Amino acid sequence: LSYEPGNTEARKGSDRVSARMLPNTFQVFTEAGAGYESNPQNFASGGRDQAVFFGRVLLKDERTLWDTRWRTTALFSGNLYSKDGDLNYGYAGAAFGPVYAVTPTMTFHPSIGVGAAYFDHHFFYSEVFGSALFEGGEGPMNYVVRYRLGYRSYNDFFPSTNGGFADITTKFLFPAVIAKDDLFVFSPWWRWSGIGSVDNIGFVISPDDFRTGRYNEIGARVEYFKPVTDNVVLGINFSALERYYSRAFDGISFTFVDRRDFIYAPGIAVIIRNPYVTHQSSMRFDYRYERDNSNTELGSYTNHIATVTFFNRY
C-alpha cells in the first residue's frame, strides 16, 4: 500500500487484518428518570398535568466473525404516567448487520431489524426495517447519518392499519465553536409515513379520507453545550418541525383539511458528569416548552416538560 495505495487486493488484505485485530465488545447503555408534563395528552384545552417515569436500555455487541466485523443492537424503552394509564408506552427492537471501514475515518453499517410496541393497554404495532448507518469524522467534526426504510402493521384496536415508513436522521457535532471545550450539535431529519387508517369517528367515511398516519415531516434540533466546571455542563437547545398530513378530519368544523402542524420547543439543560465518581455515568436536568401551531383547532397544544435523567454505561 505504501508503494501502490490504489491496490485493491492489498487494501482488502489490510482491512481483514484490521478487523481481526479489533477486540470483541459488549456494551450496555441505560437511561432512567422521572419528570413532569403539564399536558401529556396534547389537548388543545383541558389537559391535566401528571408525573412521568421512563427508562431505556440499549445493548450493543460487536465482534469479528471470519473476516467481517458484525454489530448487533437491542433497544428496550418505555414510559409510565401517573394518572392516565392509556398513555403508557413500551418498545422493544433489535437489529443486526456488518460494519465496514469505508475510509480511515468513516464506517458503514447496513442492518436489518424488527420491533414491536405496546400502547393504551394493547399491543400497538410490529415492524420490520432495514437501515444504513454512516459514522465518522472530518477534521474536528463528527457525524452520524442513518437512512431507514420499513413496514409497520398495527393492532386492529387502533384506527391505523399498515404501511411503509422511511426516515433520514443525522447528527453533526462541532467542538469549540465559541470557546475551548464548547460543543455545538446540529441534528436535521426527514420522515415519511404511509400508514393507512380506518374510520373510527362514527361516520361513513372512506379510509382515504382519514389519513392521519400518512404524512411528511421535516425538522431540526440545535444544541449548544458549555462546561462551567470539570463536572458541570450547561446547555441550550431548540427544535422545530413541520408536518404535512395527507388529509385529516377537523372535529370542530366537521370538515376534512390538509392538516399542517408546526411544532417548536426551546429548552435548557444542566448536565452533571460522573456523579457516582466514575467515568461511565451522568445526570441531566431538562426543561422544554413545547408548542404546536396547527391549522386545525383540535391540533394545537402547549406542553411544559421537566425531567431528570440518569445515564450509565457498562
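User: Is Glu 217 buried or exposed?
Analyst: Glu 217 is buried, with a relative accessible area of 3%. Buried here is under 20% relative accessible area, exposed is over 50%, and partly exposed is in between, using a 1.4 Å probe and protein chains only. Keep in mind that this is a predicted model, where local features need pLDDT of at least 70, side-chain atom pairs count only at pLDDT 80 or more, and totals for chains, interfaces and linings use all residues. Residues are numbered from 1 along each chain as its sequence is written, and side-chain values use heavy atoms, with hydrogens and water left out.

User: OK, which residue forms a salt bridge with Glu 217?
Analyst: Arg 243 does, with the closest N and O atoms 2.6 Å apart. Glu 217 sits in strand β10 (residues 211-227) and Arg 243 in strand β11 (residues 232-250), so the pair links parts of the chain 26 residues apart. Strands are DSSP runs (E, at least two residues), numbered from the N terminus. To count as a salt bridge, a side-chain nitrogen of Lys or Arg has to be within 4 Å of a carboxyl oxygen of Asp or Glu.

User: How many salt bridges does the structure hold?
Analyst: There are 17. One of them joins the side chains of Arg 48 and Asp 84, at 2.6 Å from N to O.

User: Where do Arg 48 and Asp 84 lie?
Analyst: Both are in loops: Arg 48 between β1 (25-37) and β2 (50-65), Asp 84 between β3 (68-81) and β4, so the pair ties together parts 36 residues apart in sequence. Arg 48 is partly exposed at 41% relative accessibility, while Asp 84 is buried at 13%.

User: And Arg 259, what does that pair with?
Analyst: Arg 259 forms a salt bridge with Asp 261, the closest N and O atoms being 2.8 Å apart. Arg 259 is buried at 17%, and Asp 261 is buried at 2%. There's also a network: Glu 62, Arg 69, Arg 71 and Glu 135 are joined by salt bridges that share partners.

User: Switching topic: how many residues has the largest nonpolar core?
Analyst: Ten, among them Tyr 91, Phe 124, Phe 129 and Ile 195. β4 (89-103) and β6 (122-138) each supply at least two of the core's residues, and β6 gives the most, with three. A nonpolar core means buried Ala, Val, Leu, Ile, Met, Phe, Trp, Tyr and Cys residues joined through side-chain atoms within 4.5 Å.

User: What does Phe 129 touch?
Analyst: Leaving out residues up to four places away in sequence, its contacts include Tyr 91, Ala 95, Leu 149 and Phe 165. Contact means heavy atoms within 4.5 Å.

Note on methods
Helices (H or I, at least four residues) and strands (E, at least two) are DSSP runs, numbered from the N terminus.
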